[in-house]
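User: I am new to this structure. Can you show me how to read it, feature by feature?

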Amino acid sequence: MSEVRNLKSYPPVFRQQYTGIQQNTGLDDTPTQIQEAVDDDAIPVLDFQCLNLGKLREACEDWGFFRLVNHGVPLTLMSQLRDHARNLFSHTFESKQELFTKPLSYFWGTTALTPTGAALSIGSQNINWVEGFNIPLSQLSQFQNENETLVSFRILLEEYGSHLARLATAIFGAMAENLHLDPELSKTYISESTGFVRVYRYPQCSMENEAWGINVHTDSSVLSVLNQDQVAGLQVLKDDNWLQVKPIPDTLIFNLGDMMQAISDDKYKSVKHRVKSNKEKERFSICYFVFPAEGSVIQSSKYRPFTYSDFQAQVQQDVKTLGFKVGLERFRVAG
Ligand SMILES: O=C(O)CCC(=O)C(=O)O
Ligand SMILES: [Fe+2]
């Protein structure tokens, strides 16, 4: 087993594999083996500087997933953010709990959070081998802390957030054009003020064939944008096959979420994806998520009219009572 240098930084539930002290992870219930994924380079690549609308449409219809190059986010900003994340995650578990106070939060074991960023009870779900910081960008300026790393982390996040908002809005605009959406309505379908960032560390996991970093899911967002490090782990479902998303330095990965699927009347897909755990290395990623404006009603021929708040409340209820998200099917009209 490869050694973990800084076990004190791990939430206790992730330490037991190295200390022999058992806690219930829920893993015993589902000893299913993880199906292998194939490496694939076929994931569509779009160039932000000369965005090809036809290629964008194909990527949205066939994949729900693409890489973006020439995105204009300074590479130094991306690497500084990752360095800060690495540094902050290396703090002890207890100090991370103390440092990340409202409106930020620190979570582990699940990515299902309440609107204020606290982990929802995991229930019958397995523990996911992940810990993270949740950062609602519009509230970031309210965050006061004397810790120097956190202060510069906040400044970097503000800069990163505004780049990502710019990119997501532009890409959504191109999608809306491709879908011939009503311009007034489509403006309400994406709102920069809803954007948040999650910074993840996937701890080393000696049970890599039994535990997920994040188990299979679709994102609830309109768009999600992922900035991953050099450690592989992200997998995407394409035509019933799991593909490994190769880490390619300095590219951003765009992922269409449930709101985008509904907005497009199911023409575009909210893609299923998951993250594999790794016994040799920790993995870091920085994800941006954006949603419709508060109160914006999604009009679709496939779903009854609903707002993102309705959707979020339903997801929260399902996770609490069933242990998993049902998602868009709850809103689909019969026939
Ligand atoms: O870390 C990753 O690569 C993916 C994270 C993800 O899928 C999510 O947060 O929804
Ligand atoms: Fe996701």
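Analyst: We start with the overall fold, then turn to a helix pair and the ligand shell. Keep in mind that this is a predicted model.

User: How many helices and strands does the chain have?

Analyst: The chain has 8 helices and 13 strands.

User: What does the radius of gyration say about the chain?

Analyst: Compare it with the value for a compact globule. For 335 residues that value would be near 20 Å, and the chain has 19 Å, so the two agree. The C-alpha atoms fill a box of roughly 55 × 45 × 35 Å along the principal axes. As for burial, 39% of the 335 residues count as buried.

User: What share of the contacts joins residues at least 24 apart?

Analyst: Take the contacts between residues at least 6 apart in sequence; 75% of them join residues at least 24 apart.

User: At what angle do helix H2 and helix H5 pack?

Analyst: Angles of 65 to 115 degrees count as roughly perpendicular. H2 (residues 53-62) and H5 (residues 148-178) pack at about 90°, with axes 10 Å apart. The pair is therefore roughly perpendicular. H2 contributes Leu 53, Leu 56, Arg 57 and Cys 60 to the contact, while H5 brings Ala 174, Met 175, Glu 177 and Asn 178. By class, that is 5 nonpolar, 1 polar and 2 charged residues.

User: Which residues are around ligand 1?

Analyst: Among them are Thr 111, Arg 198, Tyr 200, Asp 219, His 273 and Cys 287. Strands E6 (191-202), E8 (223-228), E12 (273-276) and E13 (283-291) each give two or more residues to this shell. By class, the shell has 6 nonpolar, 4 polar and 2 charged residues.

Methods. Residues numbered from 1 in each chain as written. Chains lettered and ligands numbered in written order. Predicted model: local features only at pLDDT ≥ 70, side-chain atom pairs only at ≥ 80, totals over all residues. Helix = DSSP H or I, 4+ residues; strand = E, 2+ residues; numbered from the N terminus. Rg over C-alpha atoms; globule rule 2.2 N^0.38 Å. Buried ≥ 20, exposed ≤ 12 C-beta atoms within 10 Å, placed from the backbone. Contact = placed C-beta atoms within 7 Å. Near = placed C-beta within 6 Å. Nonpolar A, V, L, I, M, F, W, Y, C, P; charged D, E, K, R; others polar. Axes fitted to C-alpha atoms, helices over the stretch in contact; angles between N-to-C directions. Parallel < 35°, antiparallel > 145°, perpendicular 65-115°, else oblique.
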